Structure formats: structure tokens, C-alpha cells
Amino acid sequence: MSNNVNPLAGTAHLLDELDKKLMVLLRDGRTLIGYLRCVDQFANLVLHKTIERIHVGREYGDIPRGIFIVRGENVVLLGEIDKDKEDSLPLTEVSVDDILDAQRREQDAKIEQQKLLSKALKERGLNLLADLGHDDMF
């Protein structure tokens, strides 16, 4: 029995993904797409030619971000982009300004819905717990 322990055992599989186009879902809900250039033993990532993709409904917009360093603890999901399927997305690409406006409207609608729910619960003598952000969950 060998006592050889690979110090990169947890991230060794990520080494196979170097120079591939990946999608990374962050703990704060953002989605990044870029080429993996570097990874370390903590699963910290360096992405190149990175875009931040914002989805609202069936529309999306891409914001160029360039080189992006991601701490491993902030990664929720990571996967390779299938180039064949990327061109046939069932989504419509819109301008950055349009997707940011749509995102702002969606967030405003969620806040308004939360207020209505909170008011309805208060009328019934109940309190709604404060919405825990992504950082509060971990």
C-alpha cells in the first residue's frame, strides 16, 4: 500500500480542463464563461477572455470581463461549454444595456413581491424572515 498522497487530488481533475472554455457559476449567482488558464491546490481559477452572462427569462447578454481570478470557495458549479450546442441556444441575445434593464426590472419585481408577501403575513400576525443572501448560506 502506497502512502503517496497527491497534493492536488481535489483539483487534479481540473488540470484536464486547462485551455478549455468553461462556464462557472459563482456563489453570488453570477455566471462566467471563459478559458481556464490556471488552477491551484485551492481550486482558485484564472479565466481568460471571460464574459459575464446575464440571463433574464429567455434573453441573455454578455459583458466582457477579460482576465478573471476566481477564488475556489466561490465556485458553485463548473462545466465545459459544448461548442456544438453553444450556437443553438434556445435563448435570444440582446444588448448589454437591454439585459441590464431587464435584470433591474426583474429585481424590482421580486422586491415588490417580497413586500406584498411580508405585508400579507404581518396582517396575519406572522413575520417573514429576512432574505438570506448567498454569502449568508455558507
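These legends walk through close-up views of a predicted model. Local features here need pLDDT of at least 70 and side-chain atom pairs count only at pLDDT 80 or more, while totals for chains, interfaces and linings use all residues. Residues are numbered from 1 along each chain as its sequence is written, and side-chain values use heavy atoms, leaving out hydrogens and water.

**View 1. The open sheet has six strands.** Their order is β5-β1-β2-β3-β4-β6, with mixed pairing. Strands are DSSP E runs of at least two residues, and helices are H or I runs of at least four, numbered from the N terminus; two strands pair if DSSP finds at least two bridges between them. β5 (75-80) and β6 (92-93) sit at the edges with a single partner strand each, so one side of each has no neighbour in the sheet.

**View 2. β2 meets β3.** These two run antiparallel, paired over seven bridges. Look for Y35, whose bridge partner in β3 is H48.

**View 3. The largest nonpolar core holds 11 residues.** Among them are L14, L22, V39 and F68. Such a core is a set of buried Ala, Val, Leu, Ile, Met, Phe, Trp, Tyr and Cys residues joined through side-chain atoms within 4.5 Å; buried means under 20% relative accessible area (1.4 Å probe, protein chains only). β1 (21-26), β2 (31-39), β3 (45-56) and β4 (59-70) each give two or more residues to this core.

**View 4. What does F68 touch?** Leaving aside residues up to four places away in sequence, F68 contacts (heavy atoms within 4.5 Å) R30, L32, L45, V46, L47 and T50.

Definitions and conventions:
Buried means under 20% relative accessible area, exposed over 50%, partly exposed in between (1.4 Å probe, protein chains only).
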